[in-house]
Amino acid sequence: MEALVASAVGILTAAGIFLILRRRTFPVILGLSLITYAVNVFLFATGRLALNAPPVLNKYKDVAYTDPLPQALVLTAIVISFGMTAVIVMISLSAYLSSKDDHIDMTAQDSVDAAGEDA
Amino acid sequence: MSLFLIAALPFLGAVFPALLIRAGRNAAASAAGLTTFLALMGLLIHIPSVMRGDVVTARFDWIPRLGLNANFMLDGLGFLFALLILVIGLLIILYARFYLSREDPMGQFYTYLLLFQGAMVGIVLSDNILLLIVFWELTSLSSFLLIGYWKHLPDGRQGARMALAVTGSGGLAMIAGMLILGNIVGSYDLSVILQNKALIQASPYYLPALILILLGAFTKSAQFPFHFWLPHAMAAPTPVSAYLHSATMVKAGLFLMARMWPVLAGTDAWFYIVATTGLITMLLGAVIALFKDDLKALLAFSTVSHLGLITMLLGFGTKIAAVAAIFHIINHATFKAALFMTAGIVDHETGTRNLKRLGGLRHLMPITFTIGTIAALSMAGLPPLNGFLSKEMMLEETVHTTWLHSHYLVPGLALLAALFSAAYSFRFVSHVFLGAQREDYPTHPHDPPVGLWLAPALLVVLVVLIGLNSAALVGPLIAVVTSAVIGGEKLPYYSLKLWHGFTPALYMSVVATLGGLFLLALHKRGEQVWNALPRPEAKVIFEAIIDALTRLSRWITDEMHNGVLSRYAIIFVAFTVGLGYYAYSTGTIGVETRVPLPAQIIPIIGWICLVGATLGIMWFHRNRLLSLVLIGVVGLIVSVAFNYLSAPDLALTQISVEVVTMILLLLSLNFLPTETPWDSSAARRWRDAAISVIAGLGTGALVYAMMMRDFAFPTISEFHLANSYKGGGGTNVVNVILVDFRGFDTFGEIIVLGIAALIIFALTESVLSTNVRSYLLNRKPHWPQSGDSHPLMMVVATRVMMPIALMVGAYIFFRGHNQPGGGFIAGLIVAIAYLMQYMASGYTWAIERQRFYYHGTIGWGVLIAAATGLGAWFNERPFLTSDFGYLHWPPLEEFEWATAMLFDTGVFLAVLGAVMLALDSLSRFAWQPGMAQEFPMDINPLRDSPPEQEQEKEQA
């Protein structure tokens, strides 16, 4: 089981990094989403894996519980990552609609233009 | 009055002039004056204890781990400086009221002035060097505002920038020096540091610390070669110059040297650095001052010269020189402030400060003439004025000083400086007031109203009185101050009197005075020689350095930060991988201590789906719609995996977030190109693939190694499990952690989420207000649109499901404390319920029925969460402490209430509002006119008469 989780995290990370190294906004967003999954599972795994031991207290029986703390951290991380994804989606969308270009890299010409606007 | 209050009063009072200026200039000035007066009174009630030699302290541990304590102390030295700052501050406030014209924003002026005053008082009362640094930097900033007060004058702006650059960079050096000093002693408290002279001077870090601290003091006190900022700061209004350059800003450096005197002085390094710098500055300032035609520039360089004098005295390192230094600080403050104010009056009344255009004012402005002359003669060092006394002491000290075995160098140069000093003082009097009356003053001069000359007149009275009877008037004060400076050791013998007999100092004074008169007589010729000499222009050099630094930093920024995001990403990833490899190759990872869980068939199938989908995304990422579908598969498997691995809360959260994320991405894909074109070369793709594979392998190996080992340290989770029910009143530990144990984190997180949603809203607003809107309106969709954009089946189904979905949301919310669920998940579920209406019935239809704004929902969520947390304060508990209990209302079952539920309500509202605001903003991109005419549901009994009735009508 551990090997499955570890390899899944590794593959998600690799795919995510490959995609954030692309040069258009959309693959970068996809890559960030994949990395988000990988990071969340990674954080979750710091509590170690356990089956049938949810951290919900049982009043009647003495049973084992898995580590609740990483779960609480990951829960908020999932929600926050939605916020982050939404913001970058809006930024890339606005950038594309304003410039009709979805490249993420500034070109040398862009730098010159930006300097011109500053002056 | 507590020292805290004395230091805080000017800062608190700084608000009032800015506000009261609406009530008139007198109100603003009175507010400023009253504040200063109160602080002064607070200081004066400490006179008895200070005069006894006690040290008044006020201590407050601010950040004890850093050694940063808000400790204040008041000893003789601090008292003298605080007295100067507040008394002269009061006089300046009076003077400025009449000096500034109607057009100048006076409220602003007094606010800046009080901020500056507060910072200065803070410096001189600090008992902690870190606190002192904070106030030190504040003086740099507030003096920047004061010097640049006349924003419309380019000179003012340049002068302010220069002052800030020079004193600010000196301040940075001083921070480093202070940190070294604190490290040597092991404490940042001055009272401790001052007890450790031997330890500090024996340390190998003594010299670096000394040089760095002196850099701070020299830049602030305008010592050579940093003297150039001071004359340029004269572009400020005269009250500012009078305040900053007589009693305060430039004296801060002297104060620091005097403060650190007990532990830093007495070494050769101290003598040669400080005394030499002071000597050069004294001479250089005096010579340049003689040839300045601008009245304020003359005074500025004379200030530089006198600061050099005091620095030199402190640099001598003897106790008697310290007495002279302290005495001269008092005297200089009195006569120099009076002189600056006189210069301001002359400028105000004649319209010029140019000595070449002045002269003969003694009959036109007799009061000003009297004040200016007495102050100037004191500066020249003539008896029986106070300047004479301290100058005599200075000359006397130089005679006893040898510099590199030379007995004549120091007294000789000091005499020369005193000679020039006398010359420019005489020039001040003679070229402004004496000589023939002229016809060509820019305006007709006469004495100003009493408000303008009262302040300098009071100072001049002091000049005379101190001169006549110094022992009685300032003797005790000097004794107390000096004993504070020399670290409580026995005072040396000295006497403050006019006549000491025929001493070398007396002869030197006579030579200086006569020489000064002689130089004045030769001034015309001397000026020609001076103007013919090549002189380095400090401002040009300074600007060249600044330009070079600007170009360098711009170059570095451009090289490092060239806007190519994919380059940043690859550097970041490669660096992280490198760090990981370094950690792996240098550390030990220990042995596996856990037994792996067996992999059953279903998880293996899930794994295959996940890996297949992930590889599919990589392979087909150019087809954007397909990759979205595949990423949905990944999210689904992840949430199922959470559920399988005993994390039901995570599974619920993941799957609901997955739904909203997919809707968001699909909506955005509507406006983006549907295909990603081929951009990168094959070589680049291979490089990226190689880096990703290495990073993926590393991450996978890391997480595997971690999962196969037990915790290195005992976890705190045991505490959470043990106390969740007892302390938090809930059995779902994850939820109790979120709303109770780590409620503050959650509070921060809902705020972050709310901010993210507001950013999205703001972006949408700004983008839609540009020509993007017209583009969107005329846009052709990527795909053929369906004939029925709001299919009946879907409309009906979502409306039927709406109450059910809300019910599920409520259920999930209420069970959250004890069973999987809670505010986060409930917020997402209810958001999905609303989004279904948007999708099925259309944006326009949905917002027509929207009763509340999502901004408000976010705000209420955060407020409710905060109010719940604050509620704990009323029970004298820390923020966010929760409480719970049980209620039994027949015929209901006994049920539990917990304040954490209220907090969770805040979380619920914030999440709901944030998700809705984000998606609502995105939906606005799709808005088209005419959408409102569509009827999402064709059968609406209220809209028009039902078909049956129409048929009946037809039949009738």
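1. What is the mean pLDDT of chain A, and what share of its residues reach 70 or more? The mean is 87, and 94% of the residues of chain A reach 70 or more; pLDDT is the predictor's confidence in each residue, from 0 to 100. Among the elements of chain A, α1(A) has the highest mean pLDDT (94), while helix α4 (residues 108-118) of chain A has the lowest (66).

2. On conventions: this is a predicted model, in which local features need pLDDT of at least 70 and side-chain atom pairs count only at pLDDT 80 or more, whereas totals for chains, interfaces and linings use all residues. Residues are numbered from 1 along each chain as its sequence is written, chains are lettered from A and ligands numbered from 1 in the order in which they are written, and side-chain values use heavy atoms, with hydrogens and water left out.

3. The contact (heavy atoms within 4.5 Å) involves 81 residues of chain A and 111 residues of chain B. About 8800 Å² is buried between chain A and chain B, and carbon and sulfur atoms give 78% of that area. Buried area here is the accessible area (1.4 Å probe) that two parts lose on being put together, summed over both. In chain A, the residues that lose the most area to chain B are A:F26, A:R48 and A:F82, together 9% of what that side buries.

4. Between chain A and chain B there are 22 residue pairs in polar contact, both residues at pLDDT 80 or more. A polar contact is a pair of N or O atoms within 3.5 Å; within protein, one must be able to donate a hydrogen and the other to accept it, and residues adjacent in sequence count only if both atoms are side-chain atoms.

5. On the side of chain A that touches chain B, α1 (2-20), α2 (25-45) and α3 (68-99) of chain A each supply at least two residues. Helices are DSSP runs (H or I, at least four residues), numbered from the N terminus. The largest share, 24 residues, comes from α3(A). By class, this side has 55 nonpolar, 16 polar and 10 charged residues; Ala, Val, Leu, Ile, Met, Phe, Trp, Tyr, Cys and Pro count as nonpolar, Asp, Glu, Lys and Arg as charged, and the others, Gly among them, as polar.

6. A:D102 and B:R624 form a salt bridge through their side chains (3.1 Å, N to O).

Technical notes. A salt bridge is a side-chain nitrogen of Lys or Arg within 4 Å of a carboxyl oxygen of Asp or Glu.
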